[in-house]
Amino acid sequence: MFDLISEYSDQLLDAFWVTIKLTVFSGVLALVLGTIIAAMRVAPVPVARWVGTAYVTIFRNTPLTLIIVICSLGLYFQLGITLAAAGPNDLAENNFRWAVVGLGVYTAAFVCESLRSGINTVHMGQSEAGRSLGFTFSQNLRLIVLPQAFRSVIAPLGSVLIALTKNSTVAAAIGVGEAALLMSEMIEVEAAPLAVGAIFAFGFVVLTLPTGLLFGWLAKRFEVAR
């Protein structure tokens with residue numbers, strides 16, 4: 001196994017670096033989009049609540065692989081929607097960016113539900129106090145409800161981020177050169193699939209374990225007193 005690590009050290013570092021970038025970029029997209037969808041789900045406007053509910057229902061019940069493939073083969077190859085400028089690496093760049101989009105919109109549904117559960121823990125009196133001060137719904141949500149909601153769901157959001165890190169392996173389905181794609185290539189070349197699998201399992205533990213510990217510490221540090 002150590003011989004494999006030494007032989008493929010550069011490729012392993014590059015592949016896991018792509019995995020990290022996929023996680024970070026799609027995580028930011030999921031957080032922003034999930035917050036918007038969560039706000040729609042608790043909005044006083046029925047149409048907004050319906051759209052938010054439909055979004056969560058559709059994306060939580062659609063396989064991630066299907067979403068990634070639709071983004072790449074459907075939106076990119078069939079409809080010609082590009083996210084990167086033309087160049088020698090435009091195919092790889094577009095596949096990477098569409099993978100970020102697919103992972104982001106899929107994970108946003110789970111971020112939304114985690115955040116909505118946090119919103120439900122905020123006492124009704126907090127919102128009523130904001131309304132009595134003349135706050136609009138958006139001001140009430142932004143200044144009073146969401147800050148408390150985020151503090152109460154730090155640990156669940158950490159679990160969503162860990163799941164996103166592992167889900168990034170699906171990007172290999174459209175040729176993004178992350179860890180899972182390199183693993184499949186190594187298994188085809190090498191005669192030691194167990195050793196290859198162990199290397200990548202250890203790599204993902206190295207990526208996800210610190211995330212879990214960090215979010216666990218943050219959850220205790222910013223826990224909302226009840």
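Select Glu 113 and Arg 41 in this predicted model: their side chains meet in a salt bridge, 2.6 Å from N to O. Glu 113 belongs to helix α5 (residues 90-121) and Arg 41 to helix α2, so the pair ties together parts that are 72 residues apart in sequence. Colour by accessibility next. Glu 113 is buried, at a relative accessible area of 18%, and Arg 41 is buried with a value of 18%; the cut-off for buried is under 20%.

Arg 60 is partly exposed, at 41% relative accessibility.

Arg 41, Arg 60, Glu 113 and Arg 116 are linked in a network of salt bridges. The structure holds four salt bridges.

Move along helix α5 to Arg 97 and Glu 93, which lie four residues apart, about one turn of the helix. They form a salt bridge, with 3.7 Å between the closest N and O atoms. Arg 97 is partly exposed at 37% relative accessibility, and Glu 93 is partly exposed at 36%.

For the last stop, show the surface and select Trp 17, Ile 20, Val 24, Phe 25, Val 28, Val 32 and Ile 36. They form a nonpolar surface patch with about 650 Å² of accessible area together.

Note on methods
Residues numbered from 1 in each chain as written. Predicted model: local features only at pLDDT ≥ 70, side-chain atom pairs only at ≥ 80, totals over all residues. Heavy atoms only, no water. Patch = residues over 30% accessible without salt bridge, like charges linked within 9 Å, V, L, I, M, F, W, Y side chains within 5 Å. Areas by Shrake-Rupley, 256 points an atom, 1.4 Å probe, with all protein chains shown as cover. Helix = DSSP H or I, 4+ residues; strand = E, 2+ residues; numbered from the N terminus. Buried < 20%, exposed > 50% of the residue type's maximum accessible area, 1.4 Å probe, protein only.
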